[in-house]
Amino acid sequence: WAEYLSAHEAALAARYATLELNGFPRWLHQLAMAKPAEVRAVMLGEILAEISNQGATDFKTLANVLHSKDGIASIVAPALLDDLEARVSMPVGALAQVLHVIVQGIPPHDVTRYVRLGIERFENASDVSAGVLYLAAVFSLDPRNATSALTAKLAALNAEEQAALLDRFLALTFGDSMFSNAFKSGDVPVDMLDQLVRLTFQTNGQAAARKRPADVIHRVDESD
């Protein structure tokens, strides 16, 4: 049925799909396969309106695209990457979901493009919480370059900053008991996992080390 719709009818149907309260309707998959351009235009328009709304904390259409199993992410991801490149800032709550959609739906020929952008944003971010999101998304696509960027950044931070950055990065890449929305990584090379384990022990050890005042005798214990 979807292939027999006009462009106007397909766009209208896509708009109705965004009004559903519990995610997208099942028929949206058929519509997206038959009329991808119309569905993309509607979804992108809704998403950009949501993330451009100052003070917004609820990004309904964006969240529905993220959790949809109908291939909508693949239709929207390239356009979201275009917007991300041109956009200076974005609410962190929206950024996390945008990056998840991009990672889910990015075509192979755009992977290098995002990796370059993500590492640049991570290195130059004034907001660590936003910067580490970019890097975690890079890690899911290119673990080696992400780990190299992380290692370089850690070297420029003090012990407490290192521990905070590394903990957040690991939660976003592998998940933890408090954070389940980790970026899904592909096959991570064993040497990268080994490097991350070593970084974790080294960084946490430095952060936990006691600061000893000079000219005072101290008893050595497990913290030393």
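Helices here are DSSP runs of H or I with at least four residues, numbered from the N terminus. The model is predicted, with local features needing pLDDT of at least 70 and side-chain atom pairs pLDDT 80 or more, while totals for chains, interfaces and linings use all residues. Residues are numbered from 1 along each chain as its sequence is written, and side-chain values use heavy atoms, without hydrogens and water.

Helix α5 covers residues 72–86 and packs against α7 at about 35°, with the axes 11 Å apart. Axes are lines fitted to C-alpha atoms over the stretch in contact, and angles run from 0 to 180 degrees between N-to-C directions. In this pair, Leu-81, Asp-82, Leu-84 and Glu-85 of α5 meet Arg-113, Tyr-114, Leu-117 and Arg-121 of α7 (contact means heavy atoms within 4.5 Å). Four of these residues are nonpolar, none polar and four charged. Ala, Val, Leu, Ile, Met, Phe, Trp, Tyr, Cys and Pro count as nonpolar, Asp, Glu, Lys and Arg as charged, and the others, Gly among them, as polar.

Helix α7 (residues 111–124) also packs on α8, at an angle of about 150° and with axes 8 Å apart. The two helices are therefore roughly antiparallel (an angle over 145 degrees). Their crossing is left-handed. On the α7 side, the contact includes Tyr-114, Ile-119 and Phe-122; on the α8 side, it includes Val-132, Leu-135 and Leu-141. Eleven nonpolar, two polar and one charged residues make up this contact.

Helix α8 has α10 as a further partner. Their axes come within 9 Å and cross at roughly 45°. This pair is therefore oblique, and the crossing is right-handed. Among the residues in contact are Val-128, Val-132 and Phe-139 of α8, and Leu-165, Arg-168 and Phe-169 of α10. The contact has ten nonpolar residues, one polar and one charged.

Helices α8 (128–141) and α10 (159–174) each supply at least two residues to the lining of the second largest pocket. About 190 Å³ of space lies in this pocket. Its lining includes Phe-122, Val-128, Val-132, Lys-153, Glu-161, Leu-165 and Arg-168. By class, the lining holds seven nonpolar, two polar and three charged residues. On a 1 Å grid over the protein atoms alone, a pocket is an open set of points where a 1.4 Å probe fits, with protein on both sides within 12 Å along at least five of seven lines; lining residues have an atom within 4 Å of a point.

Key: Grid points are joined across faces, edges and corners, and a volume is the space filled by probe spheres set on the points. Angles under 35 degrees count as roughly parallel, over 145 as roughly antiparallel, 65 to 115 as roughly perpendicular and the rest as oblique. A crossing is left-handed if the near helix is turned anticlockwise from the far one by less than a right angle, and right-handed if clockwise.
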